Amino acid sequence: FFTFGPTTFKFSYKDYTGYLATIDNRTKAIPVDQIKGLSNGHLLIVLLRADFIEQTNNPSGSTNNYLTRVDYLMPEIMPSYTLSFALSMSFLDTKLQKATRGIERNLTPTVELRKSVNSHLSASLGYDFTKNTSKDKATFDYQKHVVRFELSASY
């Protein structure tokens, strides 16, 4: 769509039947992402995504979620190391629960260091902080810290 990098538009539909009828849902998702290579060799990735979740047997659980995420990747900060930063922000329209939950806001900054061990193996260490804000503070308002380690094999 833009001359400076690839743009991807997608549409997905999921019809989910759970082990409990109350969690059955139909989800429509529309993600759009844009990649921009920068002159210093770094990458900027922007994602916009809308998810429309209809709880088929529990209409009060239906939600619309709108997400924006920006990733900044710095490949080869040292040989075989990639450093990346991301920031995502989402707004959850709780629809029928709006009187008690309001529009929930979620903010998640992330940092990750990835090391390519060889052409098939990589390892990463990352940290995510999440802050969710809700009108229903006791149930849905929270902060979370996640430290993660990942080992990936690709063939």
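Where is the place of Glu76? Glu76 sits in strand S5; helices (H or I, at least four residues) and strands (E, at least two) are DSSP runs, numbered from the N terminus. The views below come from a predicted model, in which local features need pLDDT of at least 70, side-chain atom pairs count only at pLDDT 80 or more, and totals for chains, interfaces and linings use all residues. Residues are numbered from 1 along each chain as its sequence is written, and side-chain values use heavy atoms, with hydrogens and water left out.

View 1. Glu76 is not a glycine, yet has a positive phi of about 55°. With a relative accessible area of 53%, Glu76 is exposed (buried means under 20% relative accessible area, exposed over 50%, partly exposed in between; 1.4 Å probe, protein chains only). The hairpin of S5 and S6 has 2 residues between the strands, and Ser80 in this hairpin takes a positive phi near 75°.

View 2. Strand S5 (residues 63-78) and S6 run antiparallel and are joined by 13 bridges; two strands pair if DSSP finds at least two bridges between them. Arg69 is placed opposite Ser88 in S6. S6 is also joined to strand S7 (residues 103-116) by 13 bridges, and these two strands run antiparallel. Here Tyr81 stands opposite Lys115 in S7.

**View 3. Asp93 and Lys95.** Asp93 belongs to strand S6 (residues 81-93) and counts as buried because its relative accessibility is 15%. A polar atom of the Asp93 side chain lies 2.9 Å from the backbone nitrogen of Lys95. A polar contact is a pair of N or O atoms within 3.5 Å; within protein, one must be able to donate a hydrogen and the other to accept it, and residues adjacent in sequence count only if both atoms are side-chain atoms. Lys95 is in the loop between S6 and helix H1 (98-101). Lys95 has a positive phi of about 50°, although it is not a glycine, and is partly exposed at 37% relative accessibility. Apart from its neighbours within four places in sequence, Asp93 is in contact (heavy atoms within 4.5 Å) with Ser62, Thr63, Asn64, Lys98 and Ile103.

**View 4. Surroundings of Asn65.** Asn65, in strand S5, counts as buried at 18% relative accessibility. Leaving aside neighbours within four places in sequence, the contacts of Asn65 are Arg49, Ala50, Asp51, Ser90, Phe91 and Leu92.

**View 5. A nonpolar patch on the surface.** The patch is formed by Tyr66, Leu87, Met89, Phe91, Ile103 and Leu107, which together have about 500 Å² of accessible area. S6 and S7 are the elements that give two or more residues to the patch, and the largest share, 3 residues, comes from S6. Tyr66 lies in strand S5 and is partly exposed, with a relative accessible area of 36%. Accessible areas come from the Shrake-Rupley method with a 1.4 Å probe; for residues, only the protein chains shown count as cover.

Methods:
Patch = residues over 30% accessible without salt bridge, like charges linked within 9 Å, V, L, I, M, F, W, Y side chains within 5 Å. Salt bridge = Lys/Arg side-chain N within 4 Å of Asp/Glu carboxyl O.
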